[in-house]
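Welcome, and thanks for taking a look at this model with us. Please have the sequence and the 3D view open side by side.

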Amino acid sequence: MIRRLATVLSNKKVMVRLAITLALLFVFRFVSHIPIPLFNSQAIADAINQEGSFFAIINNFTGGALGRFSVLALGISPYITASIVIQLLQMVIPAVKEWSEQGEEGKQKVNRVTRYLAIFLAFVQGLALIIGADKKGSIFVPSITSPNAFLYIYMALIIAAGTAFTIWLADLITKKGIGNGTSLLIAIGITSSIPTMFATLGKTYLGTNASFGNVMIFVAVILLYLVILFGVVYLQIASRKIPIQYANRANTTAGKNDSNIPIKLNSAGVIPVIFASTIMSIPLTFAQLFSDNLSDGGWMSQIFSSEKPIGFIIYVFLIVVFSFFYSFMTIDPEKIADNLSKSNAYIKGIRPGEDTKNYIARTLFKVTVIGTIYLVLLAIIPIIGVLAGLPQAVTLGGTGLLIIVGVATETTQQIETDAEQNQYSGIFK
């Protein structure tokens, strides 16, 4: 550990890239506190605090920027949505799939279309958000007594421009800094809410409310949080390795082979939980925004609220479905089997071709079962915590923790890899 840290600190190029990354993240956090002109932020705060609100998810990803209704109110969220839409379109539209197979030029086409779609979605989502929040009362400052359509479009354009700026900032981090810019911006937004969580926890169970029982609850929650954190770190890097051998390569070390196909325990990442949360929360959010008579016991609340029995079952079912769907979309057994055949590689004891494809598919299915159980448990822990009486701001698991751990793991690995590569290249200069 000390040797790795010394290697990173002694590498000037890596330290410069790390400094650029930190500076750009600071710019992102600074700009996220610049409010949109003429807007009364209390209107959107009321919408976020409603049960099952989709805007609460976005607010968490943007580090509270939506709650402040800053120029980065939607942050990178429309870009994530656009990326998912483009990935799904590649499965149904041949032209889009051909782009992804055209090398660097096709990749640029996909990225360009994704950016345009993200900015368009940011404008539409921003406009819907502003109009919906206005249904609960005027969203404008008191000096504006008769708003017109131009003001709504003006605010929506500012939100779209903020998303465009965030995408540019993410690309700059990816090119000039360390790690994936999009992932880092999401992680830094979620991380910024952690101090608020612990402050709320302390305010609820300590201070004037301190008692033996409350102190024990406080300590138990902290310990449980640490256990979940270490568990997520371990399971996030866990993988099932399928050893492979090459027909035209001699095995220099007797009985050993370093070549393998790694299948991560959670191949789908956090996407299934995001999909499930989005599907569950969007109908309830629009119903809350545009309806004045949505009671807590209404049928929509029963179906789309994950804290209700029916909604809870649907939420878990959606996570399971999306987990298997996205895992098999990310790891294609047929494509892996074809690549092995082209490389004169094989899995010991398994025939090339159809048998290899079936073996990889069975292995992926078994690993995904375990990964899905882990993902479901992580997703429902915050719900159980709320039902147990913990404050809404205290989240013991969920997508946030999974994203933070995943981004931290990948970024750390990239820093170490870059430091070692640069160090080795220096020997031959």
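Here is a short briefing on salt bridges and a surface patch. This is a predicted model, in which local features need pLDDT of at least 70 and side-chain atom pairs count only at pLDDT 80 or more, while totals for chains, interfaces and linings use all residues. Residues are numbered from 1 along each chain as its sequence is written, and side-chain values use heavy atoms, with hydrogens and water left out.

**Salt bridges**

- Searching the whole structure turns up 2 salt bridges (a side-chain nitrogen of Lys or Arg within 4 Å of a carboxyl oxygen of Asp or Glu).
- R115 pairs with D171, with 2.4 Å between the closest N and O atoms.
- That pair links distant parts of the chain, 56 residues apart: R115 sits in helix α8 (residues 103-134) and D171 in helix α9 (residues 149-176). Helices are DSSP runs of H or I with at least four residues, numbered from the N terminus.
- R115 counts as partly exposed because its relative accessibility is 25% (buried is under 20%, exposed over 50%, partly exposed in between, with a 1.4 Å probe and protein chains only).
- K357 and E354 form a salt bridge at 3.1 Å between the closest N and O atoms, and both lie in helix α17 (residues 354-387), 3 residues apart, about one turn of the helix.

**Nonpolar patch**

- L88, M91, V92, I93 and F325 make up a nonpolar surface patch with about 420 Å² of accessible area together (Shrake-Rupley method, 1.4 Å probe, only the protein chains shown counting as cover for residues).
- Such patches join residues with over 30% relative accessible area and no salt bridge: nonpolar side chains (Val, Leu, Ile, Met, Phe, Trp, Tyr) within 5 Å, like charges within 9 Å.
- Helix α6 (residues 77-92) gives the most to this patch, with 3 residues.

How values were computed:
Helix = DSSP H or I, 4+ residues; strand = E, 2+ residues; numbered from the N terminus.
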